[in-house]
Each structure stands twice: as C-alpha cells, then as structure tokens.
Amino acid sequence: LTLTPTDHTVGLCITYYGECPKNVNVSITLGPPHRNPTDSHNSFQFTDQQRNMSSSNFVTADEFRDSLDDDGNCVIQLQIESSMKQAFTGLQNQGATCYISSLIQMLYHLRLFRHTIMFSAVSSKNSILKATAITFYKLMTEETADTHSLTDAFGWGVAEGFVQHDLHELNRILLDKLEGPENSKDVNMGIFEFKIVTRIKCTQVD
C-alpha cells in the first residue's frame with residue numbers, strides 16, 4: 001500500500017498479494033494512533049485478474065492531516081472481506097490416484113506453503129508449480145476438485161492414473177520440481193528444513 005500526498009489530495013495505490021480466487025473487498029480507514037478510526041474511505045474490490053487498484057483522491061489533504069497525531073503518525077486499518085469458499089473440498093481420483101489426493105490435501109492445509117505456492121506461481125514458468133497452484137485454486141473455489149492439471153504437468157497419460165506409486169517418493173519428486181533448478185529456486189523450501197541437535201548432559205558429577 002502506497003500513499004502519495006499532493007497539495008489538495010492524497011492518492012493511494014494498493015496491491016493485493018494474497019490468495020484471491022473470487023472477490024476480495026478491502027475497506028481502508030485512517031485515524032491517529034491509540035484512537036479507533038471512525039472515517040471509512042474507499043472500498044476496493046480485487047479479483048484473481050485484478051490485483052492492483054489506485055485512487056488519485058483517496059482523501060483530501062485536510063482529512064489526511066486530521067488523521068495525524070501531534071508527531072505526524074497515522075494508523076491505516078484494512079478490513080478484508082473475502083468470498084473465498086470455507087468448506088472442505090475433496091479431490092476426485094483418476095483411477096488409482098488417491099495417494100496424490102492425500103499428499104495434495106496435506107500440503108494445501110499448510111497455510112504458509114499454500115501462500116508460497118499461490119504467490120510464486122504468478123510470475124513463474126515452472127509448469128509443476130503452476131499446476132499445483134491451479135489445484136489449490138480448485139480446492140478453494142469448487143465443490144469437488146481434481147488433479148488433472150498436476151498429472152498433465154507430470155506428463156502422465158490415462159494409464160499412469162491406474163498405477164499406484166509410493167507417496168513418500170512422490171512427495172520428494174514434487175517438492176524437488178516445485179523448488180526448480182538450482183539457478184532459479186522458484187519456491188523456497190526452507191519451511192520444511194530442520195536441524196538435529198545432540199546434547200550430552202551429565203546428571204551426576206562427583
């Protein structure tokens with residue numbers, strides 16, 4: 001969010017980076033710190049295709065000055081209302097792909113991982129990353145989703161859909177492909193890293 005003051009008005013430019021499968025309404029309120037803002041200003045509606053909004057006369061210069069405290073500080077509150085579907089969504093099998101569905105459901109419900117995938121896929125050319133984001137999008141917006149985008153990105157045909165694979169192996173392959181080659185690093189997989197620390201403690205010392 002960027003505010004641009006002029007002599008008479010204050011302009012605003014706002015970009016929505018979160019998950020935005022349907023419509024997201026953002027209402028913006030200004031007010032001095034330590035006091036509840038009372039004046040609600042422009043309301044912006046974002047969609048998956050429209051993530052940037054701007055207003056050249058968001059508030060007048062006088063209104064903006066009234067929202068400042070003695071030290072020139074101002075609080076900007078954002079109220080976000082989303083029409084994102086909240087109910088759980090199942091994934092249809094493509095023959096014997098229940099192991100894929102289990103893995104995708106588990107990864108989808110890791111909020112940080114889901115946000116990372118949806119954000120990274122916007123500018124990436126990684127086909128596996130985009131297919132995973134499309135599958136997550138379906139889980140957000142549809143009553144019943146499928147994994148066709150993902151299996152197509154893997155290059156699987158109908159026959160492969162009836163072959164069971166090891167879930168642990170698929171998880172390793174999927175995460176490697178999501179991360180991309182060493183020189184691109186489409187997705188930072190640091191959220192899955194951990195350290196093992198060994199400590200030796202003497203409980204009885206003479």
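Contact here means heavy atoms within 4.5 Å. Leaving aside neighbours within four places in sequence, Phe136 is in contact with Ile104, Leu107, Tyr108, Phe113, Arg114, Ile117 and Met118.

A word on what you are looking at. This is a predicted model, in which local features need pLDDT of at least 70 and side-chain atom pairs count only at pLDDT 80 or more, while totals for chains, interfaces and linings use all residues. Residues are numbered from 1 along each chain as its sequence is written, and side-chain values use heavy atoms, with hydrogens and water left out.

Phe136 leads us to the largest nonpolar core, which has 27 residues. Such a core is a set of buried Ala, Val, Leu, Ile, Met, Phe, Trp, Tyr and Cys residues joined through side-chain atoms within 4.5 Å; buried means under 20% relative accessible area, with a 1.4 Å probe and protein chains only. The members that touch the most others are Ile104, Phe113, Ile117, Phe136, Leu150, Leu174 and Leu178. Helix 4 gives the most, with seven residues. Apart from this core lies another, of five residues, among them Val10, Leu12, Val59 and Phe64.

Now turn to helix 2 (residues 98–108). Its buried residues are Tyr99, Ile100, Ser101, Leu103, Ile104, Leu107 and Tyr108. They pack against strand 7 (90–91), helix 3 (111–120), helix 4 (127–141), helix 5 (148–154) and helix 6.

How do helix 2 and helix 6 (residues 167–179) cross? Their axes, lines fitted to C-alpha atoms over the stretch in contact, come within 10 Å and cross at roughly 55 degrees. That makes helix 2 oblique to helix 6, since angles under 35 degrees count as roughly parallel, over 145 as roughly antiparallel, 65 to 115 as roughly perpendicular and the rest as oblique. On the helix 2 side, Tyr99, Ile100, Ser102, Leu103, Ile104 and Leu107 meet Leu167, Leu170, Asn171 and Leu174 of helix 6.

Helix 3 has buried residues too: Phe113, Arg114, Ile117, Met118 and Ser120. These pack against helix 2, helix 4 and helix 6.

Finally, visit Lys138 in helix 4. Lys138 counts as buried because its relative accessibility is 13%. Not counting residues up to four places away in sequence, Lys138 touches Thr89, Ala145, Asp146 and Ser149.

Notes: Axes fitted to C-alpha atoms, helices over the stretch in contact; angles between N-to-C directions. Helix = DSSP H or I, 4+ residues; strand = E, 2+ residues; numbered from the N terminus. Buried < 20%, exposed > 50% of the residue type's maximum accessible area, 1.4 Å probe, protein only.
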